[in-house]
Amino acid sequence: MSTALDRNHARAGSIASDPASTEDESDISGLIARLTTEVNQIACEKTKSIQHITNQMKMLALNALIESSRAGAQGAGFAVVAQEVRSVGQQVEAIARELETQLTKRTGNLMSSIERMTERSRGERMVDLSLNAIELIDRNLYERTCDVRWWATDSALVDCAAAPDAAAAAHASERLAVILDAYTVYLDLWLCDLDGHVLAGGRSSRFDVIGQNVAATRWFRDARGLRSGDDYVAGDVERQPLLGNAQVATYCASVRAGGKANGKPLGVLAIHFDWEAQARAIVKGVRVSAADRARVLLVDSNLRVIAASDDQGLLTERVPLALEGRRSGFYHDRSGALVAFHATPGYETYEGLGWFGVILAAAG
């Protein structure tokens, strides 16, 4: 059975930048830059050739003047011609120098403009890829919000939360295990009572969670206060000690009487998304080239790194983004590295948690 992540990667083709078109743009920019450099080089070489020839003309004119002065009156007419040749040579030399100056200036400006356009194109491409990364995770997590509200209405969970005896708990655990077999993106699913005790778990043979109390966790406290079965809690990415200290994103919904959205609260269903493995697949799948020397990140609302293509700084590093009130953009930091970012746009009814897709690319 395909997972939600597989389906999201299938959708990525319509979102991600086409690497072929990116390479074409890079090739065209590089070609224009090379041609401009060649034109500048040719112009400089040719103007230097003209200057060399005019220097020869001036020397010949000077020699002619010297010879005409020696010839006396007979050389007077020739002296006029020599002077005119000298004057023409000086004019040609001035034009050549002016041409060299103007061409060098214009081609220099053109090369600077190409560099700026290339860097802008690169920055915009990185912003698009940042959006690609955060959109993929948004679409993925939207499905988590749907899953938890749907499964919270399962009759086995409702019955166990209403009357949590051993048989009901065993049946609820069996039901959660069946769900886990079909949905491989989850590490575990827990049914909790309103006091925070775990009544059932989908992987009780692997994780010793039944009977543990999670009342102190933020996600449980928030879920305890949900107003209806249509609402949900999306927790921050964190390490869960009861799941081997794995990185998880926990989503919760109310388990209510009769499985109805307005029924009496009976318990809380918590589903633990296997964050590290799924998020790693997304950031490593972003289409940056080796030449970009880029690091692809997802950061939370506190700019804490929650996923990284190099697997560094997870849940410990904070990225000092210069947002300046923007939801997306790019800039160069003090080291000259390109920093591109895009805020979560949300997806359907999932508004997102204020996260950003970020790409840090080495100076080009």
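Predicted model: local features only at pLDDT ≥ 70, side-chain atom pairs only at ≥ 80, totals over all residues.
Residues are numbered from 1 along each chain as its sequence is written, and side-chain values use heavy atoms, with hydrogens and water left out.

Let me begin with the sheet. When I say helix or strand, I mean a DSSP run, with at least four residues of H or I for a helix and at least two of E for a strand, numbered from the N terminus. Two strands pair if DSSP finds at least two bridges between them. In what order do the strands of the open sheet lie? There are 5 strands, in the order E2-E1-E5-E4-E3, and the pairing is antiparallel. At the edges we find strand E2 (198–201) and strand E3 (233–240), each of which pairs on one side only. From one strand to the next the twist averages 25°, where axes are lines fitted to C-alpha atoms, for helices over the stretch in contact, and angles run from 0 to 180 degrees between N-to-C directions.

If you look at E3 and its partner, strand E4 (residues 246–256), you will see that they pair in the antiparallel sense over 6 bridges, and that Arg239 stands opposite Gln247 in E4. Helix H4 (residues 155–162) packs on the sheet, touching strand E1 (186–193), E2, E4 and strand E5 (265–274), where contact means heavy atoms within 4.5 Å. The direction of H4 makes about 130° with that of E5.

Now I would like to turn to the aromatic rings. Rings of Phe, Tyr and Trp (its six-membered ring) pair if their centres lie within 6.5 Å, and planes under 30 degrees apart count as stacked, over 60 as edge-to-face and the rest as tilted. By this rule the count comes to 10 aromatic pairs. Take Trp151 and Tyr186, whose ring centres are 5.4 Å apart with planes at 70°, so the pair is edge-to-face. This pair links distant parts of the chain, with Trp151 in helix H3 and Tyr186 in strand E1, 35 residues apart.

Are these two residues buried or exposed? Buried means under 20% relative accessible area, exposed over 50%, and partly exposed in between, computed with a 1.4 Å probe on protein chains only. Trp151 has a relative accessible area of 4% and is therefore buried, and Tyr186, at 2%, is buried too. Another pair, Trp190 and Trp219, has ring centres 6.2 Å apart and planes at 50°, so the pair is tilted. Because Trp190 lies in strand E1 and Trp219 in helix H6 (residues 218–224), this pair ties together parts that are 29 residues apart in sequence. Ring pairs also link Trp150, Trp151, Tyr183, Tyr186, Phe273, Trp275 and Trp355 into a cluster.

Tyr186 has a further partner, namely Asp147, which lies in helix H3 (residues 76–151). Their side chains make a polar contact of 2.5 Å, a polar contact being a pair of N or O atoms within 3.5 Å; within protein, one must be able to donate a hydrogen and the other to accept it, and residues adjacent in sequence count only if both atoms are side-chain atoms. Asp147 is buried, with a relative accessible area of 7%, and, not counting residues up to four places away in sequence, Asp147 touches Tyr183, Tyr186 and Ile271.

Finally, let us look at strand E9 (residues 338–343), in which 6 of 6 residues are buried. In a regular strand the side chains alternate between the two faces of the sheet. Here Leu338, Ala340 and His342 point one way from E9, while Val339, Phe341 and Ala343 point the other way. Strand E8 (residues 328–332) runs antiparallel to E9 and is joined to E9 by 5 bridges, with Phe330 opposite Ala340. E9 is also joined by 6 bridges to strand E10 (residues 356–361), again antiparallel.

Helix H3 comes back here through Glu119, which, not counting residues up to four places away in sequence, touches Phe330, His332 and Leu338. A polar contact of 2.7 Å joins the side chains of Glu119 and His332. Although Glu119 and Leu338 are 219 residues apart in sequence, their C-alpha atoms are 9.1 Å apart in space.
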